[in-house]
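Please look over the sequence and the model below.

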Amino acid sequence: MTAVYPGSFDPLTNGHLDIITRASKIADKLIVAVLNNSSKTPAMFSVDDRLAILEETCGHIKNIEFAAFSGLLVDFAAAAGANAVIRGLRAVTDFEYEFQMAQTNRSLNDSIETLFISTSPQYSYLSSSIVKEVAILGGNVDYMVPAAVRVRLMKKIVGASCAGPVI
Ligand code: COA
């Protein structure tokens, strides 16, 4: 099975990492795909930064690839030869949105299945926005994100304290 794990990853969190690690064990090939034209603007990290973070953090996993995409997820997945999309479910509140997305994707291309992995409980409250908010307000995010994100977050926050808003 070739699977795509898509997301904004702005930034990657330990919750995403949990899903990536576990998905890489069930897929023959896992493509982590960074959405390039998110409606979530402004992004804190450029797509290149997000890809660099993924490479630094998960590049050691043998069956993993990283890519950026824009347009429809199912079109990207089909062009990449994938037959599955992986999504993480953190809590029941994720379900409605994820179910709608899975149904839409299936209506667009029924040869690509959506598979859900339940997030490990210790990450069920995490989101990229939470990480950014805590970091900007001076809180400790060490246990929320990998080192590659910590370093870049600190640079942005220190830089912004001299030069205006971070996001
Ligand atoms: N651990 C921690 N956080 C997690 C998580 C996990 N396991 N799973 C999701 N999240 C968080 C993310 O950090 C993100 O937080 P944020 O809202 O604060 O940024 C949030 O949950 C959801 O983000 P993400 O999983 O990255 O999904 P998304 O909603 O940003 O993007 C796409 C979803 C990319 C899959 C979707 O927008 C897409 O397919 N777009 C392409 C267009 C398309 O095909 N549309 C038709 C299908 S509907």
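The model is predicted.

Start with Val34. Its place is in strand 2, residues 29-35. Val34 has a relative accessible area of 0%, so it is buried. Along the sequence, Val34 and Leu108 are 74 residues apart. In space, their C-alpha atoms are 20 Å apart.

Ala79 belongs to helix 3, which spans residues 73-79. Is Ala79 buried or exposed? Its relative accessibility is 71%, so Ala79 counts as exposed. Ala79 and Gln100 are 21 residues apart in sequence, and 23 Å separates them in space, C-alpha to C-alpha. Ala147 sits in helix 6, residues 147-163. Ala147 counts as partly exposed because its relative accessibility is 42%. The C-alpha atoms of Ala147 and Ile53 are separated by 9.0 Å, although the two residues are 94 residues apart along the chain.

For Ser128, a polar side-chain atom is 2.7 Å from an oxygen atom of the ligand. Tyr97 has a side-chain N or O atom 3.0 Å from an oxygen atom of the ligand. On its own, the ligand has 940 Å² of accessible area, and the protein covers 83% of that.

## The loop between strand 1 and helix 1

Two backbone features fall in this loop. Phe9 is found in the loop between strand 1 and helix 1. Its phi is near 50°, a positive value in a residue other than glycine. Is Phe9 buried or exposed? With a relative accessibility of 2%, Phe9 counts as buried, because the cut-off for buried is under 20%.

Pro11 also lies in the loop between strand 1 and helix 1. A cis peptide bond joins Asp10 and Pro11, with omega about 0°. Most residues other than glycine have a negative phi, and most peptide bonds are trans.

## Helix 1

Helix 1 covers residues 14-26, 13 residues in total. From its first C-alpha to its last, helix 1 reaches 19 Å. That is close to the 18 Å expected at 1.5 Å a residue. What happens at the start of helix 1? There, a side-chain oxygen of Thr13 reaches to within 3.1 Å of the backbone nitrogen of Gly15.

Which residues of helix 1 are buried? They are Asn14, Gly15, His16, Leu17, Asp18, Ile19, Ile20, Ala23 and Ser24. An α-helix has 3.6 residues a turn, so residues three or four places apart point the same way.

Key. Residues numbered from 1 in each chain as written. Predicted model: local features only at pLDDT ≥ 70, side-chain atom pairs only at ≥ 80, totals over all residues. Heavy atoms only, no water. Helix = DSSP H or I, 4+ residues; strand = E, 2+ residues; numbered from the N terminus. Expected span 1.5 Å × (residues − 1). Buried < 20%, exposed > 50% of the residue type's maximum accessible area, 1.4 Å probe, protein only. Polar contact = N/O pair within 3.5 Å; in protein donor to acceptor, adjacent residues only side chain to side chain. Areas by Shrake-Rupley, 256 points an atom, 1.4 Å probe, with all protein chains shown as cover.
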